[in-house]
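Hi everyone, thanks for making time for this. I'd like to walk you through one model, so please have a look at it with me.

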Amino acid sequence: MTESFHRSGEYENPYEGQQQAPVNPEWPPPPAYAPAHAPHSKKRGRGPFALIAAVAIVAAAIGGGTAYGIQELTGNDTVASSSTSTTVVPSSQKGTVAGVAKAVSPSIVEISADSNSGSSTGSGVIITSGGEIVTNNHVVAGASQIKATTSDGKSYTAKVVGTDSKKDLALIKLENASGLKAATLGDSAGIQVGDQVVAIGSPEGLSGTVTSGIISALDRDVTVPTEEGQDQGQGQQWGQGQGQDGDQWPFEFGGRQFNGDTGSDTTTYKALQTDASLNPGNSGGALIDMNGNIIGINSAMYSPTSQASSSSDAGSVGLGFAIPINTVKADLAKLRAGSTD
């Protein structure tokens, strides 16, 4: 933020920095011998300097911890969101994977979803201290029971608030939860290829797993199924109750289908591509910038395995995709209203 303090036509006030007495029209004018220019002194420089300092302080408050402060003052249902890069990581650990992990891990949960087809494990991001959590629709689609476990080991029952299958997003709410650490939702519009990122989730049920990498591409068209139960790993793995986020969760990219058949009812969204290691169970977890802001919700990964092969062949090959956080923020009111699209 820049601001010009000397505009065309302005003149120097000889009394700048001095206390001015009220003007009375009956008083005589000042004496003719008053100096045209007051001598330079420290007082003259204090006005602009004080204004600049005030502007800097206000800018810091707006761009810094304002969102968090509002959340703490207004209650459990205010999302900490920033249109700038709010620094969540302590300054001593800024820019480090360890600093990001320490600051954001308490805002990531492991999600266990049970359905008639079996059970699966995914991840979620706490967005309010009262227990609202954003995750992928495919993590909780068709679930009859949902549980979420926080980083400190506490387990909660959760209910689905709203879903948007076209964006593969869902909002769930923990029951009887309070005082949770909400993540700060950043601004995915400013992300560039090559930016460092951190992913946190529960791959293969290993909660709190941290990986790192870079943004390797932007605006990737990723196609996923929208209907409930569409090949979301309900084959052999789900039948045995061992599925993690649907081991064979299918998606389509570049005209090719990966990890199974996506079916006929699909949706396509623009995704962030990352080489941070993502594995089954990372879906719904956080993709984070180096200041600790959530910039994406991890949603799909390429796995070399096919449905006919064993899950031991599956794994990250550096092709992961995340839903941009600006897409999530734009969809949040709809999810809170109970959408079932």
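Let me start with a question: is Asp-221 buried, partly exposed or exposed? At 38% relative accessibility, Asp-221 counts as partly exposed. For the cut-offs, buried means under 20% relative accessible area, exposed means over 50%, and partly exposed is in between, with a 1.4 Å probe and protein chains only.

Before going on, a word on the source. This is a predicted model, where local features need pLDDT of at least 70 and side-chain atom pairs count only at pLDDT 80 or more, while totals for chains, interfaces and linings use all residues. Residues are numbered from 1 along each chain as its sequence is written, and side-chain values use heavy atoms, with hydrogens and water left out.

Let's take the barrel now. Six strands close up in the order β1-β2-β3-β6-β5-β4, with antiparallel pairing. On average, neighbouring strands of this sheet are turned by 40 degrees against each other, direction ignored. Two strands pair if DSSP finds at least two bridges between them; strands themselves are DSSP runs of E with at least two residues, helices are runs of H or I with at least four, and both are numbered from the N terminus.

Please find strand β3, residues 132-135. On one side it has Glu-132 and Val-134, on the other Ile-133 and Thr-135, and all of these are buried. As a reminder, side chains in a regular strand alternate between the two faces of the sheet. Strand β2, residues 118-126, pairs with β3 over 2 antiparallel bridges, and Val-125 has Val-134 as its bridge partner. These two strands form a hairpin with 5 residues between them, and Gly-131 in the turn has a positive phi of about 105 degrees. Toward β6, residues 169-174, β3 makes 4 bridges, again antiparallel. There, Ile-133 stands opposite Ile-172.

What packs on this sheet? Helix α6 does, touching β3, β5 and β6, and its direction makes about 60 degrees with that of β6. Contact here means heavy atoms within 4.5 Å; axes are lines fitted to C-alpha atoms, for helices over the stretch in contact, and angles run from 0 to 180 degrees between N-to-C directions.

Now the charged pairs. The structure holds 5 salt bridges, each being a side-chain nitrogen of Lys or Arg within 4 Å of a carboxyl oxygen of Asp or Glu. Glu-132 pairs with Arg-336, with the closest N and O atoms 2.5 Å apart. That links strand β3 to helix α6, 204 residues apart. Glu-132 is buried at 8%, whereas Arg-336 is partly exposed at 32%.

Asp-331 and Lys-167 also meet, at 3.6 Å from N to O. Asp-331 lies in α6 and Lys-167 in the loop between β5 and β6, so this pair ties together parts 164 residues apart in sequence. Asp-331 is buried at 2%, while Lys-167 is partly exposed at 28%.

And our opening residue? Asp-221 forms a salt bridge with Lys-270 at 2.9 Å, N to O.

Finally, the nonpolar core: a set of buried Ala, Val, Leu, Ile, Met, Phe, Trp, Tyr and Cys residues joined through side-chain atoms within 4.5 Å. Of the 31 residues in the largest one, Val-104, Val-125, Ile-127 and Ile-294 touch the most other members. Helix α6, residues 325-336, gives the largest share, 4 residues.
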